[in-house]
Amino acid sequence: MIAKRLRPFGTTIFTEMSALALRTGALNLGQGAPDTDGPAEIMDAASAAMASGHANQYAPLAGVPGLCAAIAEHQERRYGLVVDPVDGVQVTFGATEAIAAAMLGLLEPGDAVVVLEPFYDCYAPTIAMAGGERRLVTLRPPDFALDLDALAAAAPGARMLLLNSPHNPTGRVFSRAELEAVARACVEHDLVAVTDEVYEHLVYDGEHIPLATLPGMAERTLTTSSAGKSFSLTGWKIGWCSGPPGLVAGVRAAKQFLSFSGGTPMQVAVAGALADAERHIAPLRASLQAARDLLCEGLAEAGFGVTVPEGGYFVQGDVAPLGVTDAATWCRELPARAGVVAIPTSPFYDDPDAGRTLVRFAFCKRPEVIAEAVRRLTALQG
Ligand SMILES: Cc1ncc(COP(=O)(O)O)c(C=O)c1O
């Protein structure tokens, strides 16, 4: 009974590999969820909001006003972006709902959306749910640089461009020059930009530049983000988008019939966390950077080709130097052979040949877990 437009997507590779991790008891470097909780202070604030008796009913559709104000303040303080806290901010059920609602609320059937591949798993199905079509710009290893010719070919006649930076699964943080090329394409071809910036605070090399800050972009960009990755609270699913009221209105029109609103006590806690974001995030960033380095060095020593990520949660390991030609099969066999779960990168591409020998490893895990996973992967080659 699955509707035709959703049939091509089946069960995601994350569901399949997480089930494999559970069944085999393997170390799970597959899923992008931290294995430690976020700051106790933020969790205590959610408990206090629940106990107060004033935060257990529906929040307003736009979100708890204090969180909407904190999001607007964060955008201005950190990036100099001025957004209206009332009409220019919408709180959502994770960035995932913001992206889905943007597609449903802003696209007409048949509209084309330019997307960089490999792409995060919700992009293709949410575009399909809205009746849109994706036009791909392929990022290729080892550097995953933006292909300007492919961008120039994809942009004319499209309605929207969806950009994720810092990027999952490659770890790219797109450079100012690359983002300027994206901005020029959007302005020249009158595209709406939707950005996915859930890793905005988790940058280890370079700088996160929101697309909305580039010339001509503030008025055509819907910026999405969430608390999950920034505060290691992925299960809370408190996300948001911000931008010009005209675009936020489209998201709101869809969101009100998807979930209306939710997570009121967590919204209250995230408002406090965002107001003091850097204090909470600096230690997390430092520990993730150390985890990245540990994993990258370990994988390189074990013989993988490694692209060191500039941001986010993931590193790309290439199994071609190990003599492996099909990373998907290798990943399915890995839990039994080595007690480690990792995700093949090919399902993130429409063109599976583009990522055939790539494997995505998550490093949002405790150092002892990463060290043990590296030991097992090294022993496998021995
Ligand atoms: C690029 C990207 N966007 C969005 C999400 C989901 O964000 P949320 O949990 O806030 O819905 C993820 C989670 O892994 C992600 O990697």
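Asp276 and Arg279 pair through their side chains in a salt bridge, at 2.5 Å from N to O. A salt bridge here is a side-chain nitrogen of Lys or Arg within 4 Å of a carboxyl oxygen of Asp or Glu. The model is predicted: local features need pLDDT of at least 70, side-chain atom pairs count only at pLDDT 80 or more, and totals for chains, interfaces and linings use all residues. Residues are numbered from 1 along each chain as its sequence is written, and side-chain values use heavy atoms, with hydrogens and water left out.

**Domains**

- Domain 1 covers 7-38 + 279-381, and domain 2 covers 55-276; such bounds come from an automatic or database domain assignment.
- The centres of domain 1 and domain 2, taken over C-alpha atoms, lie 25 Å apart.
- Contact (heavy atoms within 4.5 Å) links 34 residues of domain 1 with 38 residues of domain 2.
- About 3200 Å² is buried between domain 1 and domain 2, and carbon and sulfur atoms give 57% of that area.
- Buried area is the accessible area (1.4 Å probe) that two parts lose on being put together, summed over both.
- The interface of domain 1 and domain 2 is crossed by 4 salt bridges.

**Helix packing: terms**

- Helices (H or I, at least four residues) and strands (E, at least two) are DSSP runs, numbered from the N terminus.
- Axes are lines fitted to C-alpha atoms, for helices over the stretch in contact, and angles run from 0 to 180 degrees between N-to-C directions.
- Angles under 35 degrees count as roughly parallel, over 145 as roughly antiparallel, 65 to 115 as roughly perpendicular and the rest as oblique.
- Ala, Val, Leu, Ile, Met, Phe, Trp, Tyr, Cys and Pro count as nonpolar, Asp, Glu, Lys and Arg as charged, and the others, Gly among them, as polar.

**Helix α4 with α9**

- Helix α4 (residues 94-106) and helix α9 (residues 245-258) cross at roughly 105°, and their axes come within 7 Å. α4 is therefore roughly perpendicular to α9.
- From α4, Glu97, Ala98, Ala101, Ala102, Leu104, Gly105 and Leu106 meet Leu247, Gly250, Val251, Ala254, Lys255 and Leu258 of α9. The contact of α4 with α9 holds 9 nonpolar, 2 polar and 2 charged residues.

**Helix α13 and its partners**

- Helix α12 (residues 327-338) packs on helix α13 (residues 367-381) at about 100°, with axes 11 Å apart. So α12 is roughly perpendicular to α13.
- Trp330, Leu334, Arg337 and Ala338 of α12 touch Arg376, Leu377 and Leu380 of α13. These residues split into 5 nonpolar, no polar and 2 charged.
- The axes of helix α11 (residues 277-301) and α13 come within 9 Å and cross at roughly 5°. The two helices, α11 and α13, are therefore roughly parallel.
- α11 brings Ala291, Leu294, Leu295, Gly298 and Leu299, while α13 brings Pro367, Ile370, Ala371, Val374, Leu377 and Thr378. The contact of α11 with α13 has 9 nonpolar, 2 polar and no charged residues.

**Backbone points**

- Most residues other than glycine have a negative phi, and most peptide bonds are trans.
- Glu117 and Pro118 are joined by a cis peptide bond, with omega about 5°. Pro118 sits in the loop between β3 (112-117) and α5 (123-129).
- Asn168 to Pro169 is also a cis peptide bond, with omega near 15°. Pro169 belongs to the loop between β5 (160-164) and α7 (176-188).
- Asp190, a residue other than glycine, has a positive phi near 55°. Asp190 is placed in the loop between α7 and β6 (192-196).
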